Amino acid sequence: MRRAVPSLAVLPVSVLMLASCAQPAEQAAEDAAGIGQGAVREQLSIATGGSTGVYFPLGGALGTVIEDNVEGQTGSAETTGASVENLRLIGNGDADIAIVQGDAAGQAFEGTAEFEGSPIESYALAVFYPNVFHTVTLDSIAEDEGLECFRDVLGTRYSVGAPGSGNHATTSAVFEALEMSMGDIEIENLGYAETDSALRGGQLDAGSWVVGEGHGGLTELATTEDVHLINMCDDEREAITAASSSYTEHTIPGGTYPGVDEDTETIAVWNSLVVAGEFNEEQAYQITAAMFDNIDTLLAAHAPAEEYLVPETILNSPVPVHPGAARFYEEQGVELPEELVVQTEG
């Protein structure tokens, strides 16, 4: 079951240490002492994303794993606005488990960006696979507008993603890292299905799809339209990865999508499975173990994740690992770095 960690860079974070420094040691220890102490929840709500994305079927597969392998528990995948909304659902107790992008989870933990002044602490059960930033247009538009690098989208009709989605949060971070103003584009806040329709209908020039490589909706679009993926040029990738450790450089191999034969240079961000701090420790352990014992069920929902769904991938977590899950990884011989370990003493 265990293999070497894939070539994407491990992204260690210091969010727990930052949080601890912001409060007295006694208070930090008191807060940490409550982690994992909640009651067992028998009916689990799994916050995912839109029905056409990867999160929803993956959440459904996780629900199946839980129902079939964890005694007395069920899991139900819920459609949502994805990462940012999912973290808020975890924070207010309206969801038990959530699939989120790592950049959004880190921002929530630190209380930055969309979570400015309202931090939400979540803890990782697993890290799934990287979401890849696709800048999608059509061949005819790319030629007419001269869209060779990401900055060339300035002045176009551009979809930054649905409000509250990880797609929107990552696109905003990319614009900020490149010192680009969203006031210089004609902004559309569209989900993936709406972006697809707008491109087909000529109402949009380009848009962001921050999704798993080989995404079904994008594959379907490329099957019927001449899709063009806009490169992030060298200086753009360098600026984005320098601005945040949440992002790493990534290459989409040519042939991943029909008609897109050349490699596309871009960035990627890891997807994580997270819970609230009080999520029961033994329950967290059982769910994490069941998931890795039944990886084939998850791969049936998203086959491209195969090389990443190994215990060692947890080292890319953007937030500390829940103590129940940490026990599982310890049994698998995965040594968590200090910044991913929940400290229970001041």
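Reply: Happy to! Let us begin with a term: rings of Phe, Tyr and Trp (its six-membered ring) pair if their centres lie within 6.5 Å. Please keep in mind that this is a predicted model.

Me: How many aromatic pairs does a search of the whole structure find?
Reply: A pair needs ring centres within 6.5 Å. With the whole structure searched, the number of aromatic pairs is ten.

Me: Are the planes of Trp270 and Tyr308 stacked or edge-to-face?
Reply: The ring centres of Trp270 and Tyr308 lie 5.6 Å apart. Planes over 60 degrees apart count as edge-to-face. The planes here stand at 85°, so the pair is edge-to-face.

Me: Is Trp270 buried or exposed?
Reply: Buried means under 20% relative accessible area. Trp270 has 2%, so Trp270 is buried.

Me: Are helices H8 and H9 roughly parallel or roughly antiparallel?
Reply: Helix H8 (residues 192-201) packs with helix H9 (residues 216-224) at an angle of about 15°, and their axes are 10 Å apart. Angles under 35 degrees count as roughly parallel. That is why H8 and H9 are roughly parallel.

Me: How many residues of the contact of H8 with H9 are charged?
Reply: From H8, the contact is made by Asp196, Leu199 and Arg200; from H9, by Gly217, Glu220, Leu221 and Thr224. Two of the contact residues are nonpolar and two are polar, and the number of charged ones is three.

Me: Is Ala82 buried or exposed?
Reply: Ala82 lies in the loop between strand S2 (74-78) and helix H4 (83-91). Its phi is near 80°, a positive value in a residue other than glycine. The cut-off for buried is under 20%. Ala82 has 14% relative accessibility, so Ala82 is buried.

Me: What is the relative accessible area of Ala113?
Reply: Ala113, with a positive phi near 50°, is found in the loop between helix H5 (102-110) and strand S4 (122-138). Ala113 is partly exposed, and its relative accessible area is 47%.

How values were computed: Residues are numbered from 1 along each chain as its sequence is written. This is a predicted model: local features need pLDDT of at least 70, side-chain atom pairs count only at pLDDT 80 or more; totals for chains, interfaces and linings use all residues. Side-chain values use heavy atoms; hydrogens and water are left out. Helices (H or I, at least four residues) and strands (E, at least two) are DSSP runs, numbered from the N terminus. Buried means under 20% relative accessible area, exposed over 50%, partly exposed in between (1.4 Å probe, protein chains only). Axes are lines fitted to C-alpha atoms, for helices over the stretch in contact, and angles run from 0 to 180 degrees between N-to-C directions. Angles under 35 degrees count as roughly parallel, over 145 as roughly antiparallel, 65 to 115 as roughly perpendicular and the rest as oblique. Contact means heavy atoms within 4.5 Å. Ala, Val, Leu, Ile, Met, Phe, Trp, Tyr, Cys and Pro count as nonpolar, Asp, Glu, Lys and Arg as charged, and the others, Gly among them, as polar. Rings of Phe, Tyr and Trp (its six-membered ring) pair if their centres lie within 6.5 Å; planes under 30 degrees apart count as stacked, over 60 as edge-to-face and the rest as tilted.
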